[in-house]
Amino acid sequence: MPPKATLFLGVFVGALCAAEPINYSRQIRPILSENCIACHGPDEKGRKGKLRLDDEQDAKRDRKGDFVILPGKPEQSELIKRLESKDPEEVMPPPKQHKTIPAAQVALLKEWIKQGAPWGRHWSYEPVVRPSVPQNGETNPVDAFLAERQKKEGLTWSAEAPQAILIRRIALDITGLPPTPEETAKLAAAQHEDIVAYFLAKPAYGEHWARQWLDLARYADSAGYPSDPGRIIWAYRDWVIKALNKNEPFDQFVIDQMAGDLLPAPTEDQIIATAFHRNTMTQNEGGTSDEEFRVAAVIDRVNTTYAVFMGTTMACAQCHTHKYDPITNAEYFQSFAFLNQSADSDKKDEVPLYEIYPPGVKAQREQWMKDSAAAEATFKKPEPAWTAGFDEWLAKGPKLTDKPLKAALDAPKDKRTKAQTKLLSDYYVRNVSPAAKAERVRADDLKKKIAAAAPVTVPVMQDLPAAQRRKTFIQLRGNWQALGDEVTEGVPTHLARWDDSFPKNRLGLARWIVSRDNPLTARVTMNRLWETVFGVGIVRTSEEFGSQGDLPLHPELLDWLADEFVASGWDTKKMLSLLLNSRAYRQSSASNAKLNEVDPDNRFVARGPRFRPSGELLRDQALAVSGLLSAKMYGAPVRPMRPNLGLSIAFGGTGDWMTSSGEDRHRRSVYTETRRSTPYPSFVTFDAPNRETCVIRRGRSNTPLQAFVTLNDPVFVETSQALARRLLKEGGATDDSRLRLAYALCLSREPDANELRTLKTLLSKSVAQYRADNALALQMATEPLGPTDKGADVPTLAAWTAVSSVIMNLDEFLMRR
Amino acid sequence: MLHPLREAQLSLQTRRTFLSSVGQFSLGAIALHAMQADAFGASSASDNPLAPRKPHFKAKAKRVIYLHMSGGPPNLDIFDHKPELVKRNAQDCPDSFLKGRTFAFTSGVPKLMGSPRTFKQYGQGGLWMSDAVPNFQKIADDVTLVKAMHTDQFNHAPAELLLFTGHARQGRPSMGSWATYGLGTENQDLPGFVTMISNGVQPSGGQGCWGSGFIPSVFQGVQCRSKGDPVLFANDPPGMTRDLRRATLDALKDLNQRQQDELGHAETVTRIAQYELAFRMQTSVPEVMDISKEKPATLEAYGAKPGESSFANNCLLARRLVEKGVRFVHLFDWGWDFHGTNPKEDIRGGLTAKMAATDKPVAALINDLKERGLLEDTLIVWGGEFGRTPFREGRTAKGDVLGRDHYPDCFTIMMAGGGVKGGFQFGETDEMGFAGVKDKVHVHDLQATILHLLGFDHERLTYRFQGRDYRLTDVHGHVVRDIIA
């Protein structure tokens with residue numbers, strides 16, 4: 001069977017060769033899982049014929065002289081008989097399921113039974129065992145494994161890509177920004193390793209890689225559900241950027257986010273990190289039950305925890321025991337129990353909140369608050385001198401708007417109550433009395449200072465005190481009101497052993513996730529890293545490592561990476577460097593007819609990776625080459641230009657926003673305000689999720705609507721205009737020199753003669769058109785960027801804007817090659 | 001069902017691999033034949049995920065116009081006539097209906113509320129309709145009323161998501177996405193799945209109502225607007241002429257072609273094609289969205305006014321879009337949440353006013369399609385995400401405005417064309433409208449039926465994601481054969 005077909009099936013049927021022992025995990029289990037396990041698997045309620053094909057004992061047991069699987073005897077095994085039966089009542093899978101198992105797979109099952117039907121577990125639940133690195137002359141173990149596989153497939157390495165292309169590839173992969181022409185020149189003769197190290201040291205690395213993590217963390221600046229009000233939680237986003245730049249070891253990165261607050265003497269950063277699980281949605285719609293949506297948030301936390309760290313779909317087990325993987329309904333709620341003790345409860349104010357102050361400010365502000373309270377108290381017990389002039393003031397009939405005050409003032413003097421008089425006199429002292437002026441100024445000043453030093457808040461995880469701990473019950477069929485048996489904290493131990501030294505709380509859960517015994521975390525994380533760098537994961541379904549996911553294409557390589565990752569001390573930057581320094585990565589991305597035929601997705605990596613990056617990166621890149629990009633890091637989210645759609649959010653405010661001013665219009669995309677109900681339109685067009693729930697893998701579509709964005713979205717029109725101005729200012733005096741600069745900025749290479757010719761033809765046509773119509777030229781050159789420099793040649797600028805837009809829409813610009 | 005794009009995604013494989021692999025998956029023989037003939041026929045459009053495709057079996061409907069009234073129209077004041085409820089008006093709601101239940105805005109014991117509206121039977125089928133819908137009355141012979149609809153959700157967002165994606169939370173592909181995923185579309189110069197919104201507020205379920213979830217985003221609904229850019233960013237920037245746009249795209253094509261020659265990537269070919277499609281859409285979309293050249297009589301029939309943003313305009317646009325080959329048009333109209341918190345939400349005057357802007361264009365749309373011979377293979381669905389309670393809403397019970405709370409157990413959906421019977425009512429609720437008693441239809445059944453009318457077995461139109469074959473009907477759904485002509 002040709003490799004593409006095995007790839008396609010996601011099942012390693014392999015050649016039928018009696019001499020080669022059949023591997024249960026890789027060859028047999030996928031067939032059973034695809035076709036049989038839903039009815040003959042772990043789910044007790046859905047189980048048919050009292051048969052489990054996922055359980056060796058049950059599948060092989062004696063059924064009154066009959067055997068479903070009789071090792072060594074395929075012809076006496078009911079499994080084979082049923083698969084080959086022509087009787088619609090007998091045949092498996094039942095006809096109404098519209099599944100048939102191909103003859104080649106049945107033959108494989110027969111051969112496996114003949115070999116004694118050796119059992120095993122699903123591959124990803126087996127412990128990671130460090131495989132030995134093939135000795136084939138490759139120095140980087142990544143290449144050694146790949147070369148072995150390529151040899152089997154009759155493939156071989158492509159040539160190395162030109163240095164300038166590699167510099168751009170590395171810069172985009174590490175920082176999400178293109179290299180400047182200065183950087184490309186400076187690094188032209190540098191060693192590959194040094195280029196990687198150079199870009200890894202830039203803070204832009206954290207900003208770029210945070211975007212991916214924020215998809216996993218379902219980070220947004222709004223609370224979700226219909227009304228979708230704003231939420232202040234950006235300190236978490238900044239924490240992610242900083243943690244990545246610090247290269248916090250991945251195990252610590254997990255522990256901080258899952259349970260930083262439960263660590264002994266947690267740092268401020270560790271508390272902020274727990275906002276990871278406060279990125280769940282909060283329901284503010286009237287008439288809804290806080291408890292229902294608190295439960296929904298906890299369920300989201302369970303599902304997110306397992307999906308992000310362990311590539312495991314827990315959602316199935318919320319309603320019933322998992323049909324394919326060994327996770328029971330009870331185990332689901334045992335995991336739920338870990339996350340069911342946090343104090344948050346779907347409240348509008350998002351409590352509990354943590355307050356963040358710049359260093360020293362907190363104590364100072366507390367002092368001011370004390371002083372302020374004291375000052376206000378003195379106004380209530382004024383010095384006698386302060387009341388001087390009160391009666392005269394009253395007699396003048398001052399204008400008061402406050403209702404009680406006005407009522408007091410309007411009351412005839414003899415009918416005025418004591419309290420009313422006191423109210424008026426207090427007001428006089430606090431706002432009018434000349435004698436109290438100095439004290440008043442001081443008190444007002446304190447108030448201003450207090451307001452100015454207000455903390456930034458962030459919702460955090462905080463466990464309830466012991467007396468208020470919640471009980472956890474199994475929720476029947478996933479209904480939060482239909483409760484079954486009580487359960488306590490626990491994990492699906494089939495996935496990994498629970499060490500009794502772990503505390504039975506979120507911290508223990510976090511330690512379990514990153515424990516040496518957990519076979520999934522390191523594999524899932526390394527697979528994601530691979531996917532990010534090479535375009536497709538070693539396991540294509542990076543979101544699903546369970547038995548319904550794809551099998552790894554290079555299982556040994558994945559295990560080696562997982563083991564190396566843990567051995568390195570969970571050093572993410574080190575592992576990234578390892579991939580980026582590989583021969584595999586350095587290849588030219590040019591393809592050819594043979595590769596397109598045999599390996600169109602480049603999973604054997606016989607050429608360099610090439611794919612379309614995220615919409616966020618495309619916007620950042622356009623801002624960078626045009627010179628508009630702001631270097632400002634961190635802080636409250638910003639609102640770049642976005643079309644007003646004139647639509648409101650159901651039960652909420654407007655879906656539109658006021659564009660930020662100044663450099664905030666041009667910050668990196670990671671700082672763009674993320675609204676769940678109205679995600680930033682151009683990012684969505686390029687497959688960005690709305691961050692309502694965690695998304696492990698984005699699609700990579702290629703649609704005409706994307707062309708509209710990069711051609712017509714004012715954000716991209718503005719960058720074309722800015723690039724045009726830059727080319728005229730910095731690009732020398734000739735069209736050729738300007739086009740050279742454009743290519744250096746956008747593509748990190750020289751244009752060839754043909755490219756120059758095509759673009760100059762367009763340029764002269766455009767110049768002619770804009771010379772003939774000045775008003776049109778003015779629009780093209782200035783809307784929305786704004787007025788040109790005095791004395792600028794507007795038609796020329798307009799024409800260069802059109803040319804710049806073409807360069808910024810080149811396939812080569814939109815792809816990371 | 002194995003989708004060509006899904007194949008392409010799995011491993012941009014060649015035609016030969018595709019055919020051999022289809023054999024290994026167990027597609028029904030007919031469907032397999034249809035797919036081969038269509039996806040790899042003379043058009044050789046196999047790499048275009050939106051190329052028209054044949055369904056599992058012969059379809060009654062080729063396209064759908066779904067008219068969604070966001071908020072939940074009061075079924076008891078429009079279609080579901082309950083004399084017994086009128087008789088027991090203002091009595092305490094019997095405990096048996098309240099036990100163990102939660103309502104969105106009602107607690108304690110509410111008062112029953114008979115409809116203040118006048119009901120009569122219309123058309124050959126004797127369809128019950130109230131005075132709120134004078135124009136629906138006139139098309140009674142063209143429609144089926146499904147009167148014992150029910151859902152699992154009593155809040156807007158989850159109920160809308162359940163109705164349109166088969167699941168109450170975000171993340172699944174919408175009905176229109178499934179339809180275009182299965183069928184492609186007939187006009188490559190227009191989006192295959194279009195949504196439009198009237199009355200200024202998007203539905204509670206948000207963009208998820210027309211999102212593509214985990215299936216490729218080419219299948220998501222493209223939001224079109226009758227004011228401003230008809231499609232986001234479709235208009236050239238100020239200062240760009242059509243002539244120059246063509247010149248820039250020619251230059252771009254030329255340069256991209258060279259990139260393709262150098263690197264040999266199929267995706268570059270696709271990109272070139274998508275820019276060309278974008279260029280064509282820049283003409284075709286504004287053209288189809290411009291209703292100013294419609295006959296005055298047509299505009300009058302719908303109550304449409306060029307340049308406005310209204311439900312009437314959207315109904316007319318829906319006809320123009322399906323006429324041009326768009327597969328699925330989904331309209332969302334805001335303002336159907338008749339709680340009684342203000343006069344607009346009153347089931348008397350408020351409903352009359354809301355319906356005046358609704359039933360006329362809907363009737364006009366059905367008549368218009370009929371006249372053009374399009375009704376027989378265009379399915380029209382009109383309805384909300386749930387019904388409303390037979391009792392007065394608790395919060396507003398002391399005021400002058402009559403409102404009802406959300407109610408998931410009973411509501412009515414109106415369907416027309418596309419192989420559905422005319423002059424027919426299906427299903428019954430009990431004498432006070434608390435529960436379906438005969439021929440109940442769950443929202444998953446409605447989905448199964450819509451897919452069936454489009455030629456699909458809803459259990460076989462699937463997409464593999466995170467290790468599971470997902471479908472619109474989740475793990476439920478039965479085709480309602482009785483309403484099919």
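Student: How many residues of chain A and of chain B make up the contact between the two chains, and what makes two residues count as a contact?
Tutor: In this predicted model, 78 residues of chain A are in contact with 68 residues of chain B. A pair is counted if the C-beta atoms, placed from the backbone, lie within 7 Å.

Student: Which elements give two or more residues to the side of chain A that touches chain B?
Tutor: They are α1 (3-9), α27 (593-598), α30 (704-712), α33 (753-772), α34 (774-782), α35 (794-807) and α36 (811-814) of chain A. The largest share, eight residues, comes from α33(A). By class, this side has 30 nonpolar, 32 polar and 16 charged residues.

Student: How confident is the prediction for chain A?
Tutor: The average pLDDT of chain A is 91, and 97% of the residues score at least 70. Over residues 1-19 of chain A, however, pLDDT stays under 50; the model has 39 contacts beyond four places in sequence for that stretch.

Student: How do you know that the length of helix α5 of chain A agrees with its number of residues?
Tutor: Helix α5(A) has twelve residues, 103-114, which at 1.5 Å a residue should span 16 Å. The end C-alpha atoms of α5(A) are 16 Å apart, and therefore the two values agree.

Student: Why are the buried residues of α5(A) said to line one face of the helix?
Tutor: The buried residues are A:Q105, A:L108, A:L109, A:W112 and A:I113. Seen down the axis of α5(A), they fall within an arc of 135°, so they line one face. What covers them includes α2 (24-35) and α4 (78-84) of chain A. After α5(A) comes A:G116, with a positive phi near 105°.

Student: Why is B:G417 called buried?
Tutor: The threshold for a buried residue is 20 or more other C-beta atoms within 10 Å. B:G417 has 28, and therefore it is buried. B:G417 is found in the loop between β11 (411-416) and β12 (424-426) of chain B. Leaving aside residues up to four places away in sequence, B:G417 touches B:L369, B:L375, B:E376, B:T378, B:L379 and B:I380.

Student: What makes phi of B:F233 and of B:D439 worth noting?
Tutor: Most residues other than glycine have a negative phi. Phi of B:F233 is positive, near 65°, and that of B:D439 is positive at about 50°. B:F233 is in the loop between β6 (222-223) and α9 (242-263) of chain B, whereas B:D439 is in the loop between β14 (436-438) and β15 (441-442) of chain B.

Student: Are B:F233 and B:D439 each buried, partly exposed or exposed, and why?
Tutor: B:F233 has 25 C-beta neighbours inside 10 Å and therefore counts as buried, the threshold being 20 or more. B:D439 has 15 such neighbours and so counts as partly exposed; that class lies between the limit of 12 or fewer for exposed residues and the limit of 20 or more for buried ones.

Student: Why is the peptide bond from A:V351 to A:P352 remarked upon?
Tutor: Most peptide bonds are trans. The bond from A:V351 to A:P352 is cis, with omega near 0°, and A:P352 is in the loop between α16 (329-339) and β1 (353-356) of chain A. A cis peptide bond also joins A:E783 and A:P784, with omega about 10°; A:P784 is found in the loop between α34 and α35 of chain A.

Student: How is chain B divided into domains, and which residues take part where domain 2 and domain 3 touch?
Tutor: The assignment gives domain 1 (1-48), domain 2 (63-226 + 294-483) and domain 3 (234-290). The contact takes nine residues from domain 2 of chain B and seven residues from domain 3 of chain B. On the side of domain 2 there are four nonpolar, two polar and three charged residues. Taken over C-alpha atoms, 38 Å separate the centres of these two domains.

Conventions
Residues numbered from 1 in each chain as written. Chains lettered and ligands numbered in written order. Predicted model: local features only at pLDDT ≥ 70, side-chain atom pairs only at ≥ 80, totals over all residues. Helix = DSSP H or I, 4+ residues; strand = E, 2+ residues; numbered from the N terminus. Expected span 1.5 Å × (residues − 1). Arc of directions from axis to C-beta. Domains from an automatic or database assignment. Nonpolar A, V, L, I, M, F, W, Y, C, P; charged D, E, K, R; others polar. pLDDT = per-residue confidence, 0-100.
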